[in-house]
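Hi,

Here is the structure I promised to pass on.

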Amino acid sequence: ELYDPATESFSNGGDSVSSHGTSSTATLLSDGKGLIVGGNLALSSAEIYDPETNTFSPTNDLNIGRSGHTATLLPDGRVLITGGIDQFSVDAESVAAAEMFDPDTGSFSLIGNMATSRHGAAATILPSGLVLIVGGRSTEAGSAGETRRAELYDPSTESFSTTGTLKEWHSTGLRWASAPLMANGMVLIIGDLSDVAELYDPSTGEFSRIGSMNSKHFGGTATLLSSGEVLIAGGTMAQGLTEIYDPVAGTLRISESMGLPR
């Protein structure tokens, strides 16, 4: 669907070619079109949404079908695809392989592996142009704790390197993480069945705890506001509760509840 802020109304956004459904990604491209990738039962398909014609058209397939991956627009217009899970079954495996989408050719190419396979992670492009990949869950044997360590992707060298380690221990990884970049260059990290919020400092590559949220926002969202504050909303534990993180004061406060839990 399409949402119009001027009229506060929704309208039909056209029919997708595939049923991408659960845990797909939608990324705004430099030309104003949208790239929809994977999802559902770890689809390998991708398509382009054109807002001028309100239509979807298929593009080339991923090399690896995936769901619960990340998709990050780089300054050069390409889209970095990392992680995900390769199927929805008891035998599902998290994915370490990364791919790059080139809008000029409409194709995906494999670009190497992350240090740790992960799905449900968050990816944030930093002011330096590096991409921070943090959290998620790994299905590799004995590697649940490995997702505490974050990674950086460097587009100039097309390589991954490890960076700092999350302070909070998550026995199943920091699932369905949310990591918005703030105006001060720091990244706020929330997720999983934890009420602990953390900050990532790109200048040191280290994480630090900033205190406890008022609820656990598993599957919730963290969105940067024009004021510079961050709205943390929803999740299965928080229900309709929302709260605000103030980076200047370094505090979390409860805000108005949503009309519906989600």
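**Overall shape**

For 262 residues, a compact globule would have a radius of gyration near 18 Å, and the protein agrees with that at 18 Å. That radius is taken over C-alpha atoms, and the globule rule is 2.2 Å times the number of residues to the power 0.38.

Before the details, some ground rules. This is a predicted model, in which local features need pLDDT of at least 70 and side-chain atom pairs count only at pLDDT 80 or more, while totals for chains, interfaces and linings use all residues. Residues are numbered from 1 along each chain as its sequence is written, and side-chain values use heavy atoms, with hydrogens and water left out.

Along its principal axes, the C-alpha trace spans about 50 × 45 × 40 Å. The secondary structure comes to zero helices and 21 strands (both are DSSP runs numbered from the N terminus: H or I of at least four residues for helices, E of at least two for strands).

Buried residues make up 48% of the 262. Here buried means under 20% relative accessible area, exposed means over 50%, and partly exposed is in between, with a 1.4 Å probe and protein chains only. The protein exposes about 12,200 Å², and carbon and sulfur atoms supply 50% of that (areas come from the Shrake-Rupley method with a 1.4 Å probe; for residues, only the protein chains shown count as cover).

Of the contacts with a separation of 6 or more, 41% are between residues 24 or more positions apart; a contact means heavy atoms within 4.5 Å. As for charges, there are 13 positive and 31 negative ones, and their mean positions are 9 Å apart. Lys and Arg count as positive and Asp and Glu as negative, with His and the chain ends not counted; each charge is placed at NZ of Lys, CZ of Arg, CG of Asp or CD of Glu.

**Hairpins along the chain**

Let's start with S9 and S10. Strand S9 (residues 97–102) runs antiparallel to strand S10 (residues 107–113), and six bridges join them. Two strands pair if DSSP finds at least two bridges between them. Met100 has Ser109 of S10 as its bridge partner. The two strands form a hairpin with four residues between them, and Gly106 in the turn has a positive phi of about 70 degrees.

Is Thr116 buried or exposed? Thr116 is buried, because its relative accessible area is 6%. Leaving out residues up to four places away in sequence, Thr116 touches Ala96, Ser138, Glu146, Thr147 and Glu151.

Next, S11 and S12 pair in the antiparallel sense over six bridges, with Ile125 opposite Val131 in S12. Five residues lie between the two strands of this hairpin, and Gly129 in the turn has a positive phi of about 95 degrees. Strand S12 (residues 131–137) is mostly covered, with six of its seven residues buried.

S12 also runs antiparallel to S13, joined by three bridges. Tyr153 stands opposite Phe160 in S14. S13 and S14 form a hairpin with four residues between them, and Glu158 in the turn has a positive phi of about 50 degrees.

**A few single residues**

Glu8 is in the loop between strand S1 (2–4) and strand S2 (9–11). Phi of Glu8 is near 50 degrees, a positive value in a residue other than glycine. Glu8 counts as exposed because its relative accessible area is 64%.

Ala42 is not a glycine either, yet has a positive phi of about 60 degrees. Ala42 belongs to the loop between strand S4 (34–37) and strand S5 (46–50), and is buried, with a relative accessible area of 10%.

Lastly, have a look at Leu188 in strand S15 (residues 187–189). Leu188 counts as buried because its relative accessibility is 0%. Which residues does Leu188 contact, leaving aside neighbours within four places in sequence? Among them are Ala179, Met182, Leu199, Ile210, Val230, Ile232 and Tyr245. Gly164 is 24 residues away from Leu188 along the chain, and their C-alpha atoms are separated by 14 Å.

Enjoy browsing!
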